Amino acid sequence: MKYLLRTILFPMFISGVLGTAQEANKPVPLSAQDQAVPATPRGGSSTAGVFAAVKDSEMRPITAGGFVKDGPIIYKDIAQQAGLTVWHHVMGTPEKKYILETTGSGVALLDYDNDGWLDIYMVNGSTYDALRGTAPAPHAALFHNNHDGTFTDIAARAGVVNDRWGYGVAIGDYDNDGWPDIYVSNFGKNRLYHNNHDGTFTDVAEKAGVTLGNWSTGATFGDYDGDGRLDLFVPGYVHYDVNHPPDPGSEAVGLLYCQFRGVNTLCGPRGLQGEGDHLFHNNGDGTFTDVSEKAGVSDKAHYYGFTATFVDINNDGKVDLVVTNDSSPNYLYMNNGDGTFEDASYYSGFALNQQGRDQAGMGLAVGDYLNNGLVDLYTGTFSDDYKPLFRNGGEQGFTEISPEMGIAEVTYPFLTWATEFIDYDNDGWKDIFLVNGHVYPQVDKYDWGTSYAQRPLLFHNVDKGKKFEVMPAVTGTGLAEVIPGRGAAFGDLFNDGKTDVVINSMDHVPSLMRDVNPDHHHWVGLKLIGGPKSPRDAIGATVYLTVGGVRQRADVLSGGSYESSNDQRPHFGIGDATSIDALEIRWPSGVVEQVMLSSVDRFFTIQEGKGIISGLLDPPAKGKSNAEISRQKPH
């Protein structure tokens, strides 16, 4: 199914005061300066112009203020109690003179030891001294889940400290042995950590042929050719030379690309040479072959790639490829089914926002917020710009609708990295979480209404996807935590049916935002195991769950958020319902199965062709559930 060419409209969306939805959060009225001032965007990052400062009632930038004393307590940061704050992210120098030290690192949630509980992998950056070999390199962390609310860093013992300048991480069982492997994207050679099944890993990237060697970012695993083996896509950001850094006015970059609002800053990414993207085909023998050119996804334009995800956009049973690009048009590649992709970026409507303008695409959320069976897309962008929501219209392509949904204005002062569609209150409708933080430390010196460290944002899905409502930042809760956020991973760390958030912040300790929303809604979680013609971890599977006439969709994905990898167990909130009407699984092999679930508020382990099997998280009192399964022809 191809997307139809659509007409792109250019309704210039330039508003007045950029307020918030909460009364206590309203910015103080200023003067005529409140009106947005259109300006030709200058500097290294794409913005929409220059806008008036937005402040709260205490004259703080709205990105670091706007708190309320009372309201719903949705998230609580328990990182210290959980033992995560023993680790610290490090990237470059505090001055952030060069772009290499500003974009931060990702997070992955994975069950590396197959005990049924999610563990946490935190990517670390590095320093120039470490690159020169004159100082120890910062290490990544692998936090083992102790099943009691605490975690223990076992990265050194497991052999996954990386000790390179790290950025992204993707999880996938590339050899179908039933154990998750870890791909880490670096500046310099990348790593592919093969799981040894004994709590340790071995870096096999050299043998596998997936090291690359310059600046790689948010990778993704997916079976693009349907052979049952996970392939690997690795976007590239900037082609960077540490021996010839991009100083303002140097041969590497001109002065025009080293400013923000007329103030001198680090240079780029505009004005710098981009790094190409790479698609690696899995040969099935532990090695990969670079097929980027043949497949048509090599990024000949050398855009600044950040975050990628394989997902079936048009419901034809083949995973497509979505890539966010910084300060350049986004990519959407549609799978032709013959080992090649068609570049549908422009005619699908995903390359640009509704003004026909490229934005600084960073993070990527993928999810069906309308419960209509089509995955929608949401991306994080720079400050002085809004964050776009792309509604999937099937054959009509994507329509960017943030202004119409009421979620554009509030995001202008924020610089958003990680973002995800989640159902934090289990009402059956996906909400949107944003992780924020600026790249320029200089912003704290100016009266611009933004800040280097910023609080997260949470948009609640209201009236069945007709609009989103900004949830208040209640003092003392996770939504009021002001941090220099970057990568984040979303998932159920405590197996309680709630969606928690682990945030990797720049030069900072991690945050573990535990979902403590007091709702009593019900839920279902699934652990999927692929059959012999599907990837073992079922990456690429699409699941539809129906309750009370509402049909939800969830996909098993690798990558996304911002250079991160989320919980790969499909999760469904079902509100007040206490039973499931139907569950349909479309496996990567093409087989479609109907499975009957006997209860709620629990995880089910489902294997392709066998239905529900006994799993580590089966309720002990209820024993094992029986499955009724019907097998259909491949779709």
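## Salt bridges

Searching the whole structure turns up 23 salt bridges. Keep in mind that this is a predicted model.

Let's start with a pair out in the open. E293 and K300 join through their side chains in a salt bridge, with N to O at 3.7 Å. E293 counts as exposed, at 55% relative accessibility, and K300 is exposed too, with a relative accessible area of 69%.

E584 makes a salt bridge with R551, and their closest N and O atoms sit 3.4 Å apart. E584 belongs to strand β37 (residues 582-586) and R551 to strand β35, so this pair ties together parts that lie 33 residues apart in sequence. E584 counts as buried at 14% relative accessibility, while R551 is partly exposed at 35%.

Then there's D555 with R553, whose side chains meet in a salt bridge at 2.8 Å, N to O. D555 counts as buried because its relative accessibility is 18%, under the 20% cut-off. R553 is buried as well, at 1%. Elsewhere, D56, E58 and R60 are linked up in a network of salt bridges.

## The largest cavity

β35 gives the largest share, at four residues. By class, the lining of this largest cavity splits into 13 nonpolar, 16 polar and ten charged residues.

The largest pocket has a volume of about 660 Å³. It is lined by 30 residues, and the ones closest to its centre are D111, N114, K527, L528 and I529. Strands β3 (107-110), β7 (165-172), β33 (522-529) and β39 (602-607) each put at least two residues into the lining. Sorted by class, the lining of the largest pocket comes to 14 nonpolar, eight polar and eight charged residues.

The second largest pocket comes in at about 280 Å³. Its lining has 21 residues, and D223, G317, K318, V319 and P588 lie nearest the centre. Here the classes are six nonpolar, nine polar and six charged.

## A look at F468

Is F468 buried or exposed? With a relative accessible area of 6%, F468 is buried, and you'll find this residue in strand β28 (residues 467-470).

What does F468 contact, leaving aside neighbours within four places in sequence? The list runs to Y369, L389, M405, I407, K430, D431, I432, F459, H460 and N461. Take I432 from that list: I432 and F468 are 36 residues apart along the chain, and their C-alpha atoms are separated by 8.6 Å.

Methods. Residues are numbered from 1 along each chain as its sequence is written. This is a predicted model: local features need pLDDT of at least 70, side-chain atom pairs count only at pLDDT 80 or more; totals for chains, interfaces and linings use all residues. Side-chain values use heavy atoms; hydrogens and water are left out. Ala, Val, Leu, Ile, Met, Phe, Trp, Tyr, Cys and Pro count as nonpolar, Asp, Glu, Lys and Arg as charged, and the others, Gly among them, as polar. Buried means under 20% relative accessible area, exposed over 50%, partly exposed in between (1.4 Å probe, protein chains only). Contact means heavy atoms within 4.5 Å. A salt bridge is a side-chain nitrogen of Lys or Arg within 4 Å of a carboxyl oxygen of Asp or Glu. On a 1 Å grid over the protein atoms alone, a cavity is a set of points where a 1.4 Å probe fits but cannot get out, and a pocket is an open set with protein on both sides within 12 Å along at least five of seven lines; lining residues have an atom within 4 Å of a point. Grid points are joined across faces, edges and corners, and a volume is the space filled by probe spheres set on the points.
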